[in-house]
Amino acid sequence: MNLRVIKKDIEYVLGAFIEDCSVVAAVKGQDADESVSALMDEAIDLYNELKDKVNAKIEGPKKAYFAGLRKEILTRTDALYEKLSEAVKSGKGAAEKKPAAKKPAEKPAAKKPAAEKPTAEKKAPAKKTGEAAAEKKTPAKKPAEKKAPAKKAPAKKAE
């Protein structure tokens with residue numbers, strides 16, 4: 001694995017988590033702000049910690065160290081998502097306070113005919129000139145015959 005790829009993974013995964021937190025905060029309102037902001041702070045701390053681990057000097061097998069670091073990124077971010085899920089479930093947001101609006105009854109869909117016939121409106125109007133008749137009756141072209149590759153001239157000998 002490339003070090004640059006791991007750094008981008010850290011930014012992507014934790015950036016996506018912070019974005020999800022901001023969406024939850026916007027949807028839930030002030031009730032979820034405190035819990036979500038605490039999770040965002042925790043995610044930022046995790047981001048800084050992982051960046052420090054990536055940039056640290058490593059002695060020994062680097063491949064195993066970075067593989068372990070990748071697993072840590074995923075497990076710790078998954079734990080943050082679990083906390084966010086619990087915060088969403090336990091918090092009473094503004095969306096839950098509003099009574100649900102009644103949906104109007106949907107009308108049953110009209111049945112379509114089994115086979116629709118093309119109408120005269122869909123067809124292009126026919127031209128009355130002789131050019132249109134000539135265009136319709138043009139014979140199909142035959143495929144071009146394959147030509148044998150040209151033979152190369154024998155190389156001239158230097159004298």
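In this predicted model, F66 is a buried residue, with a relative accessible area of 11%. The ring of F66 pairs with that of Y65: the centres lie 5.4 Å apart and the planes meet at 70 degrees, which makes the pair edge-to-face. Y65, at 30% relative accessibility, counts as partly exposed. F66 also belongs to the set of buried residues in helix α3, together with L69, E72, I73, T77, L80, L84 and A87.

The chain has 159 residues, of which 18% count as buried. Among contacts with a separation of 6 or more, 75% come from residues 24 or more positions apart.

A packed pair of helices is described by the angle between the axes and the distance between them. Helix α1 covers residues 3-28 and helix α2 covers residues 33-55; their axes come within 9 Å and cross at roughly 175 degrees. An angle over 145 degrees counts as roughly antiparallel, and α1 is therefore roughly antiparallel to α2. On the α1 side, the contact is made by L3, I6, K7, I10, E11, L14, F17, I18, C21, V24 and A25. On the α2 side, the partners are D33, V36, L39, M40, A43, I44, L46, Y47, L50, K51, V54 and N55.

Helix α2 itself has 23 residues and spans 33 Å from its first C-alpha to its last, close to the expected 33 Å at 1.5 Å a residue. Its buried residues are V36, L39, A43, L46, L50, K51 and V54. An α-helix has 3.6 residues a turn, so residues three or four places apart point the same way. The cover over the buried residues of α2 includes both α1 and α3, the latter running over residues 62-90.

K51, a residue of helix α2, is buried, because its relative accessible area of 15% falls under the 20% cut-off. Apart from residues up to four places away in sequence, K51 touches K7 and E11. Both K7 and E11 are listed on the α1 side of the contact with α2. L46, also found in helix α2, counts as buried at 4% relative accessibility. Leaving aside neighbours within four places in sequence, L46 is in contact with L14, R76, T77 and L80. The C-alpha atoms of L46 and L80 are separated by 9.8 Å, although the two residues are 34 residues apart along the chain.

Helix α3 comes next. It has 29 residues and reaches 42 Å from its first C-alpha to its last, close to the 42 Å expected at 1.5 Å a residue. The buried residues of α3 pack against α1 and α2. With α1, helix α3 packs at an angle of about 0 degrees, and the two axes are 11 Å apart. Since angles under 35 degrees count as roughly parallel, α1 and α3 are roughly parallel to each other. The residues in the contact of α1 with α3 divide into 17 nonpolar, one polar and four charged.

The aromatic rings complete the picture. A pair of aromatic rings is described by the distance of the centres and the angle of the planes. The structure holds two aromatic pairs. Besides the pair of Y65 and F66 described above, F17 and Y81 form an edge-to-face pair, at 4.9 Å centre to centre and with 85 degrees between the planes. This pair links distant parts of the chain, as F17 lies in helix α1 and Y81 in helix α3, 64 residues apart. F17 is buried, with a relative accessible area of 0%, whereas Y81 counts as partly exposed at 30% relative accessibility.

Conventions
Residues numbered from 1 in each chain as written. Predicted model: local features only at pLDDT ≥ 70, side-chain atom pairs only at ≥ 80, totals over all residues. Heavy atoms only, no water. Axes fitted to C-alpha atoms, helices over the stretch in contact; angles between N-to-C directions. Helix = DSSP H or I, 4+ residues; strand = E, 2+ residues; numbered from the N terminus. Parallel < 35°, antiparallel > 145°, perpendicular 65-115°, else oblique. Contact = heavy atoms within 4.5 Å. Expected span 1.5 Å × (residues − 1). Buried < 20%, exposed > 50% of the residue type's maximum accessible area, 1.4 Å probe, protein only. Phe/Tyr/Trp six-rings, centres within 6.5 Å; stacked < 30°, edge-to-face > 60°. Nonpolar A, V, L, I, M, F, W, Y, C, P; charged D, E, K, R; others polar.
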